[in-house]
Amino acid sequence: MKENDEILEQQLTDEQIKQLLQTRFNRSEILDWYRAFVKNCGNNRSFLTSSLNKTLFIDYFNQLHPNGNVTRLTETFFRTYDMNNDGRIDFMEFMHAVSIIRRGDLTEKLSLIFSLLDSDQQGYIDRLKLVNIMEALYDVKGIDYNDSYNVLLRKVDNLIAKLDKDKEGGRILRYKFIESCMNDSTLRDLLSAYK
Ligand SMILES: [Ca+2]
């Protein structure tokens, strides 16, 4: 093992490494992610103090989408990643999300997408939440939707119609969302475009 890896590994407790190995990454991959994570967290170079606050998180996405406005979408992402809601994303929370995005099965990925769409975490998604997310996605791409707002609404209504086939009043629960997406290839393709 490289000396540098030893130093990094010493910053993680045995319990943390044990938990991290339950993600789908091996020890060497975890250390690679850890190295990248600590680097992106600025000057706090130890596990206990390394975390991404919202500003760092938004900055990171801004670099990826220089022509759009990522703030709205990123705030939603941040809330989903920050599982204990303490205003920062620590390495354990970060790896939880990364392991689903990179190596999770379809159900886990859909469940994560549901959490993103359920922006206030009430356990369901509806037309208003989907409209908000659609606006945020347009912002990221730098598309001005004000002139074609009806098109945006129509897209959301089509989506709702597919997700809410049993007409349960437009409130789509997590299990229903996953079930509908699993059974509808159009829906799967649509959502995978927004990975
Ligand atoms: Ca947190």
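Predicted model: local features only at pLDDT ≥ 70, side-chain atom pairs only at ≥ 80, totals over all residues.
Numbering runs from 1 along each chain as its sequence is written.

The protein has eleven helices and four strands, taken as DSSP runs numbered from the N terminus (H or I, at least four residues, for helices; E, at least two, for strands). Of its 195 residues, 19% count as buried, that is, with 20 or more other C-beta atoms, placed from the backbone, within 10 Å of their own.

Now for the nonpolar cores, sets of buried Ala, Val, Leu, Ile, Met, Phe, Trp, Tyr and Cys residues joined through C-beta atoms within 7 Å. The largest has 16 residues, with Leu110, Phe114, Leu117, Ile125, Leu130 and Phe177 making the most contacts inside it. Two or more residues each come from α7 (106–117), α8 (127–141), α9 (149–163) and α10 (174–182), and α7 gives the most, four. Leaving out residues up to four places away in sequence, Leu130 touches Leu117, Ile125, Val156, Leu159 and Ile160. Another core, of twelve residues, lies apart from this one and includes Leu20, Phe57, Ile89 and Phe94.

Phe94 also turns up in α6, where Phe91, Phe94 and Met95 are buried. These three sit on the same side of α6 because they cover an arc of only 90° around the axis (from the directions between helix axis and C-beta atoms). The buried residues of α6 pack against α2 (14–21), α3 (27–40), α5 (71–81) and β2 (88–90).

Methods
Contact = placed C-beta atoms within 7 Å.
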